[in-house]
Amino acid sequence: MEPKKLLIITYYWPPSGGPGVQRWLKFVKYLPDFGIQPIVYIPENPTYPIVDENLVKEVSDKAIILKQKIFEPYQLASFLSKNKTKKISSGIIPNQKKQSFLDKTFLWIRGNLFIPDARVFWVKPSVAYLEKYILENNIDTIVTSGPPHSLHLIGLELKQKLDLKWFADFRDPWTTIGYHKSLRLSRFAAKKHKALEHRVLNTADTVIVTSKTTKTEFQAITTKPIVVITNGYDTEEVGKQTLDSKFSLAHIGSFLSERNPLILWESLVELLHEIPDFKSHLEVKLIGAVSQEVLETITQFGLNSYLNNLGYVSHAEAIAHQRKSQVLLLIEIDSEDTKSIIPGKLFEYMVSNRPIVAIGPNGSDFAEIITETNTGVFFDYSEKMKLKSVILDFYNQFLEGKLQANGVGLQRYSRKNLTKELVQLIQ
């Protein structure tokens, strides 16, 4: 019997690095185990802000990969400032008070001229190519994955032209995502974003989201079925790691300006003053893109001598650091709009056997997951004394050689189990 074909339309794909690539890379890995033939449509010449060539080896040899050229304004903008273009395209936006004229110009252009995003020029050629491919290959089910949310416009047009079942997968929200308010939107642009979001949510057969809060948010916009399938962890072939000799607190992933956790820096400074030996043991490891404001704040707090800023590393190296760091930091912006964000790295953190210190807005979806799996402690931004107390407790366990996490119920978040949920949904 011929396997069911699933056409997946996504922008981020190896050699793209960062969190955006992991969700569908892993779904595609396991879909053939459940009798699904994945067909992945991606840009031929994308502008990826982060590249990880090692991920190319993880692409399933059972997947059919389709590529078409894409025109992206970032390719032109990079002639003006390659560094600024790269940061804005990866979601790292300078603090509003510190934005230069060029920063403001880039943000205004990004938010008002390219709606919903700078990949919108790929929509029309993709629809023309895929309409023909779908008809010739008897495909009846497609998935679009965003952001970039312009890919949902490809699904929208294909749904209107063909007899298809369309699943719109939102790895992040659309108009309430953290950086959306930073785009200097005109009233017209903001209204257009809302209108496109409404059309997508009310045309797709089913909407897939990664958190309960996003589901609740979208339920106010559409009556279409909305299903939560979180991100997860995969079985990683990383050798046994020797734990850091220092009391290392590691943040892995993009460290945005708005995520700057003053309560953490204050707690560390106070512990340095109160605990004599703390100075000889503390290490703050930052792995990934870090905003200038975060680095400046660390300097202002006098923590530079404890900082190990490693920059971007491959996914395999990031996994290794997760398993050898003493404590893992998970930090989200203190905003109502970010309660729905469940960082993809959370699930990799959870199986690292290292305790998580998580900071975010009260009521965050990821707080519930950390608590129910017993993998760490969550703090909102008003809980500095509690945070300081837990760090001290972890430090004492570190000195005794007993610091570790004891997670429970983690199997439900394995990539293979999550793929099984997806298959049950699309069949």
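**Reading burial, contacts and a cavity in a predicted model**

User: Where does E157 lie?

Analyst: E157 lies in helix α6, residues 150-161. Helices (H or I, at least four residues) and strands (E, at least two) are DSSP runs, numbered from the N terminus. This is a predicted model: local features need pLDDT of at least 70, side-chain atom pairs count only at pLDDT 80 or more, and totals for chains, interfaces and linings use all residues. Residues are numbered from 1 along each chain as its sequence is written, and side-chain values use heavy atoms, with hydrogens and water left out.

User: Is E157 buried or exposed?

Analyst: Start with the cut-offs. Buried means under 20% relative accessible area, exposed over 50%, partly exposed in between (1.4 Å probe, protein chains only). E157 counts as buried because its relative accessibility is 19%.

User: What does E157 touch?

Analyst: Contact means heavy atoms within 4.5 Å. Leaving out residues up to four places away in sequence, E157 touches V123, K124 and V127.

User: How do I read burial for the whole protein, and what percentage of the residues is buried?

Analyst: Of the 427 residues, 56% count as buried. The secondary structure comes to 16 helices and 13 strands. Accessible areas come from the Shrake-Rupley method with a 1.4 Å probe; for residues, only the protein chains shown count as cover. The accessible surface comes to about 18,300 Å², and 52% of it belongs to carbon and sulfur atoms.

User: How do I read a nonpolar core, and which residues touch the most other members in the largest one?

Analyst: In soluble globular proteins, nonpolar side chains tend to be buried together. A nonpolar core is a set of buried Ala, Val, Leu, Ile, Met, Phe, Trp, Tyr and Cys residues joined through side-chain atoms within 4.5 Å. The largest core here has 60 residues; L7, L130, I134, I154, L158 and F170 touch the most other members. A second, separate core has 34 residues, including F255, W265, L295 and L329.

User: What does F170 touch?

Analyst: Setting aside residues up to four places away in sequence, F170 touches G146, H149, H152, V200, L201, V207, I208, V209, T210 and F218.

User: R171 comes up next. Where is its place, and is R171 buried or exposed?

Analyst: R171 sits in the loop between β5 (165-170) and α7 (187-203). R171 counts as buried, because its relative accessibility is 10%. Its contacts, beyond four places in sequence, are Y12, G20, R23, S145, G146, P147 and T210.

User: Now a strand. Is F247 buried or exposed?

Analyst: F247 lies in strand β8, residues 247-252. F247 is buried, because its relative accessible area is 0%. Beyond four places in sequence, F247 is in contact with F278, H281, L282, E283, Q326, V327, I391, F394, Y395, F398 and L403.

User: How do I read a cavity, and how many are there of 30 Å³ or more?

Analyst: On a 1 Å grid over the protein atoms alone, a cavity is a set of points where a 1.4 Å probe fits but cannot get out; lining residues have an atom within 4 Å of a point. Grid points are joined across faces, edges and corners, and a volume is the space filled by probe spheres set on the points. The count is one cavity of 30 Å³ or more. The largest cavity holds about 40 Å³.

User: Which residues line the largest cavity?

Analyst: The lining is Y233, D234, E236, I319, Q322, R323, E348, V351 and S352. Helix α12 (residues 315-324) gives the most, with three residues. Ala, Val, Leu, Ile, Met, Phe, Trp, Tyr, Cys and Pro count as nonpolar, Asp, Glu, Lys and Arg as charged, and the others, Gly among them, as polar. By class, the lining has three nonpolar, two polar and four charged residues.

Methods: On a 1 Å grid over the protein atoms alone, a cavity is a set of points where a 1.4 Å probe fits but cannot get out, and a pocket is an open set with protein on both sides within 12 Å along at least five of seven lines; lining residues have an atom within 4 Å of a point.
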